[in-house]
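Let's walk through this one together, one question at a time. Have a look first.

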Amino acid sequence: MPSCSLCIKHPNLFGKSEKLDVLWDKGLYDSNVLIAYRKPRPEWLSQQSFSIQHSVSPEIGVHGVPVDNYSRSGSGGVNLCRFSAGLDLSEPASSNWSSKTSLKFEHVRPINDDGRSISRDLHGFPVTCSGGCHDSMVVIKQESRFAKASEHSFTRFNLQIEQGIPLLSKWLIFNRFKFVASKGIRLGPAFLLTSFTGGSIVGDIAPYQAFAIGGLGSVRGYGEGAVGCGRSCVVANTEVTLPLNRTIEGAVFLDCGSDLGSGRYVPGNPALRHGKPGSGVGVGYGLRFKSSLGHFQVDYAVNAFQQRTVYVGFNSIGS
C-alpha cells in the first residue's frame, strides 16, 4: 500500500535536553500525526512525556464486511477520526517488570469515505456510544510488562487496564482490560512459540471499542475482524520454526480465536449483521528471511472455510 512518512526530532529544545518528536504518516486510506515532548528526569524517577495525536483510519475490524469466504474484509464505509492529548508516566524498571501510566483526553468522530461526520453506519445503526456524531472520554491507562529470557527460552506478559472517567455526564465510563502471555522454548534446532491473548470490557461501549478477531497478528486465514468482534475475546497462537540455512527459517502455525458469544452485546451487533462466525481456526506454513536490513516474513494460511490467504510482512531492525 503506498505510504509516506516524516520524522523530525529535536534533542535539545530549550537548552536543557528537552526532546521534541514530530511524526507524520500518510497512507492511501489513513493518516497519523504525533507530537511528543519529553523533559529529562533522573533515572530513579518516573519519566514524563506529553503527547498530542490526530489520526484517521478505516474501521475495518468492526464494520468491515468479510468476503471471499472470510479471507478478506472489505470497507464498511466507517472511518475513525481520533484526537487525543495527555501525559505518560513510565516507571523505572525493577527486575523483570516495567510499568507505564497514562492520562488522556480522547475525542472520536466517525466519518464516511467522503470525510463527512456520521452517527450511523450504512445499515442505520449507531456507530458511537452517545448516538451522536462523536464520543468524548478521559481515560486512565495502566500497562504492566514482564519479560524474562535465557539462552533456551523466554517468557513475556503484558497487561493493559483502561478506565473511562465521566467528568461530564455524556462522557463514556467503562473498564477495559487486555492481556498477552507468550512463551518460547528451544527444542533442539526448532523453536516453539505459543501465545494467548484475552480481554473484556464492561460499562459503556461504542462499536469501535469492541475486540476485533481475525487477520495477521490474530487468526491468520481470515480478514481483519472477519472472525468476530465482541465485548470479550480469546486468541491462541502456536508456531514452530526450524532453520533451513543461516538466513531462512521455515514455520508451521495454528491460530484460533473466539468472541465468547459476546458479539451480540456490541451496540448494533455488527458481527451478526456482517455474518461473522464468532470463532475461527487457521493453519498454515511460512518462511522467515533474516537480513541486515530487517526480517521478511511470508505466511500461507487456510481458514475453516478452506479459503487460502497469503500474508507478506517486513520488520526493519530496531522497529
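Q: Which residues have the most contacts inside the largest nonpolar core?
A: A nonpolar core is a set of buried Ala, Val, Leu, Ile, Met, Phe, Trp, Tyr and Cys residues joined through side-chain atoms within 4.5 Å. Buried means under 20% relative accessible area, exposed over 50%, and partly exposed in between (1.4 Å probe, protein chains only). Here the largest core has 19 residues, and M137, F174, Y208, I213, V219 and Y222 have the most contacts inside it. Elements giving two or more residues to this core are β9 (135-149), β13 (211-213) and β15 (232-243). Strands (E, at least two residues) and helices (H or I, at least four) are DSSP runs, numbered from the N terminus. A second, separate core has five residues, among them V62, A210, C229 and A271.

Q: What kind of model is this?
A: It's a predicted model: local features need pLDDT of at least 70, side-chain atom pairs count only at pLDDT 80 or more, and totals for chains, interfaces and linings use all residues. Residues are numbered from 1 along each chain as its sequence is written, and side-chain values use heavy atoms, with hydrogens and water left out.

Q: What does M137 touch?
A: Contact means heavy atoms within 4.5 Å. Leaving aside residues up to four places away in sequence, M137 touches K104, F105, E106, V108, W171, L172, F174, Y208 and Q209.

Q: How do I read phi at N69 and N269?
A: Most residues other than glycine have a negative phi. N69 has a positive one, near 55°, and sits in the loop between β5 (65-67) and β6 (72-74). N269 is also positive, near 45°, in the loop between β16 (248-258) and α2 (270-273).

Q: Are those two buried or exposed?
A: N69 is partly exposed, with a relative accessible area of 43%, while N269 is buried at 17%.

Q: What lines the second largest pocket?
A: On a 1 Å grid over the protein atoms alone, a pocket is an open set of points where a 1.4 Å probe fits, with protein on both sides within 12 Å along at least five of seven lines; lining residues have an atom within 4 Å of a point. This pocket's volume is about 270 Å³, counted as the space filled by probe spheres set on the points. Of its 13 lining residues, Y29, P58, I60, S75 and N79 are the closest to its centre. Both β4 (47-58) and β6 give two or more residues to the lining.
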